[in-house]
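Have the structure open while you read.

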Amino acid sequence: MNNFENINILITGASGGIGTSLSKAFSSTNANLFLLGSSEEKISMLREKLPTKENIKFFNVDLSQRENVNNFCDSIIDEVGGISGVIINAGITQDSLFMRMSDSVWDKVFAINLDASMAIIRKFIRGMVKNKWGRIVNISSVVASTGNPGQSNYVASKSALN
């Protein structure tokens, strides 16, 4: 992997399976990593799996709350000026048959899987455009195309992300 010196990379869902693999891969570079997880417990487990380096920072951010997302992004902009690489990997499922699915379950899946992605990208894209360089990677799912029983909210959110 390239050196990535002076590159700031944000990974959401960093403590899950794909996120941990991404975090491990990027931890072998000189990139400044900003790793987000959904709980302190998961972030602690991720911290144990990665080398202790000053350029790796860990965060627990509730992506279901837009205000939390915006405040986190603003703090990163204040601290380091922005992010040059965003990897949107966070996603949740809350399965239920569509006819029985509550609005709150639908809304939470969309808030994390789609709305947080838009908010994060919107916060950092201006800096990418200004610097004439940046990368945005959205991790989706094959079920965005194929569907899955009981996952209409997840499927719709990942399809929208695509």
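How many of the six residues of β2 are buried? Five of them are, so to speak, under cover: β2 is mostly covered. Keep in mind that this is a predicted model.

**The overall layout**

Let's step back to the whole chain. It holds six helices and five strands, and reading along the sequence gives the pattern β-α-β-α-β-α-β-α-β-α-α. The radius of gyration is 16 Å, close to the 15 Å that the globule rule gives for 162 residues, so the chain is as compact as a globular protein of that length. Of the 162 residues, 41% count as buried. As for contacts with a separation of 6 or more, 63% of them come from residues 24 or more positions apart.

**The sheet**

The five strands form an open sheet, ordered β3-β2-β1-β4-β5, with parallel pairing. At the edges stand β3 and β5 (135-138), each with a single partner strand, so one side of each is left without a neighbour in the sheet. From one strand to the next, the twist averages 10 degrees.

Two of the pairings are worth a look in the viewer. β1 and β2 pair in the parallel sense over four bridges, and N8 has N32 in β2 as its bridge partner. β4 and β5 also pair in the parallel sense, over four bridges; here G85 finds its bridge partner, R135, in β5. Helix α2 packs on the sheet, where it touches β2 and β3, and its direction makes about 160 degrees with that of β3.

**Helix α1 and its buried side**

Which residues of helix α1 (residues 17-27) are buried? They are G19, T20, S23, F26 and S27. These residues cover an arc of only 135 degrees around the axis, which puts them on the same side of α1. The background is simple helix geometry: an α-helix has 3.6 residues a turn, so residues three or four places apart point the same way. What do the buried residues of α1 pack against? Their partners are the strands β1 (8-11), β2 (32-37), β3 (56-60) and β4 (85-88), along with helix α2 (40-49).

**Aromatic pairs**

The structure holds four aromatic pairs. Two of them are set out here.

| Pair | Geometry | Centre to centre | Angle between the planes |
|---|---|---|---|
| F59 and F72 | edge-to-face | 4.9 Å | 70 degrees |
| F98 and W106 | edge-to-face | 6.1 Å | 75 degrees |

Take F59 and F72. F59 lies in strand β3 and F72 in helix α3 (residues 66-80), so the pair ties together parts that are 13 residues apart in sequence. F72 counts as buried, at 8% relative accessibility. Ring pairs also bring in F34, linking F34, F59 and F72 into a cluster.

Is F98 buried or exposed? At 58% relative accessibility, F98 counts as exposed, since the cut-off for exposed is over 50%.

**Two loop residues**

Finish with a pair of loop positions. N55 lies in the loop between α2 and β3, and N55 is buried, with a relative accessible area of 16%. Which residues does N55 touch, not counting residues up to four places away in sequence? The list is T29, N30, A31, N32 and L33. One of these, N32, is the bridge partner of N8 mentioned above.

P149 sits in the loop between α5 (143-146) and α6 (152-161). Its relative accessible area is 75%, so P149 is exposed. What separates the C-alpha atoms of P149 and L97? The distance is 7.5 Å, with the two residues 52 residues apart along the chain.

Note on methods. Residues numbered from 1 in each chain as written. Predicted model: local features only at pLDDT ≥ 70, side-chain atom pairs only at ≥ 80, totals over all residues. Heavy atoms only, no water. Buried < 20%, exposed > 50% of the residue type's maximum accessible area, 1.4 Å probe, protein only. Arc of directions from axis to C-beta. Contact = heavy atoms within 4.5 Å. Pairing = 2+ DSSP bridges. Axes fitted to C-alpha atoms, helices over the stretch in contact; angles between N-to-C directions. Phe/Tyr/Trp six-rings, centres within 6.5 Å; stacked < 30°, edge-to-face > 60°. Rg over C-alpha atoms; globule rule 2.2 N^0.38 Å.
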